[in-house]
Amino acid sequence: EPMRRIRVTNRLLDDSAGRPVGLILVLTDLTHLRRLESVRTDFASNVSHELRTPITNIKGYVETLLEPGGSTDPEQTERFLRVISKNADRLDSIVEDMLMLAQLERPDARESLAVDHTRVAPIIDSVVSALGPEAEAKRITLEQEGSGDLCAMVNHPLVEQALTNLVANAIRYSPQGTKVIIRASRSNGVLTGDHVEIEVRDQGPGIAEEHLNRIFERFYRVDKARSRERGGTGLGLAIVKHIMNLHGGRVEVDSHLGKGSVFRLVLPAS
């Protein structure tokens, strides 16, 4: 149980003649407010850290190229420029993801969300088609399972973005020669009613239990060094969570070290 922060204020209570007759105590629970302040501070710190690395790399290589008598080897120059380009792309990805999060968090985002009776199969097909070359490069097989006639009340582009983030992560962290299975099904929950589930199942290294309740936080990384090497912005799962919240759905994860992971999008059926 996390420690709670309570603010206590007091004031004497007087009667009409000005005589003290009691004491009023007001207890204000500041736990949530302090947590939000901490999240905001951590976010600012993490953004600075994430941006600093590519900016430092870009500045370092540009300074090397601009030095008098700098690199005259065309191959080395090309290599430096490729590093600069890669880091510029990383900066662009981080900024784009931050802008998307800002849009998803707008107070009126849910009210203005355009949803429609949408077939799930074309969403999955589009994601598989877009990420197919990336999977092939690692000899990872993308397999689709489930009924092709499933429909949900969703915003097609946003759900496609959420699924793309999950499948891209599965490809990024899975060993070569493994499978990533994307499965769609219809379920009925006692509390949630009729809904559609889209699962992304990988054969990767899995995630330790202590990380599972934090992986949807912005910039939270299970393995910071390896995550950056593989190109993630650290915002992908936060975006997935916000997209699901906008739809009145949720994202779930089941994972065990050495046994792979299953990420599940739960959406209202139609």
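How many salt bridges does the count come to by the rule applied here? The count comes to 15 salt bridges, the rule being a side-chain nitrogen of Lys or Arg within 4 Å of a carboxyl oxygen of Asp or Glu.

Colleagues, a word on the basis. This is a predicted model, in which local features need pLDDT of at least 70 and side-chain atom pairs count only at pLDDT 80 or more, while totals for chains, interfaces and linings use all residues. Residues are numbered from 1 along each chain as its sequence is written, and side-chain values use heavy atoms, with hydrogens and water left out.

Strands here are DSSP E runs of at least two residues, and helices are H or I runs of at least four, numbered from the N terminus.

I turn to the surface. I6, V8, L12, L23, L25 and L27 form a nonpolar patch with about 610 Å² of accessible area together. Such patches take residues with over 30% relative accessible area and no salt bridge, nonpolar side chains being joined within 5 Å and like charges within 9 Å; areas follow Shrake-Rupley with a 1.4 Å probe, only the protein chains shown counting as cover for residues. L23 is found in strand β2.

Finally, the helices. The axes of α4 (residues 156–173) and α7 (residues 236–246) come within 9 Å and cross at roughly 145°. Axes are lines fitted to C-alpha atoms over the stretch in contact, with angles from 0 to 180 degrees between N-to-C directions. The axes of α3 (residues 120–137) and α4 also come within 9 Å, crossing at roughly 35°. Contact, meaning heavy atoms within 4.5 Å, involves residues including I123 and V127 of α3 and V159 and L163 of α4.
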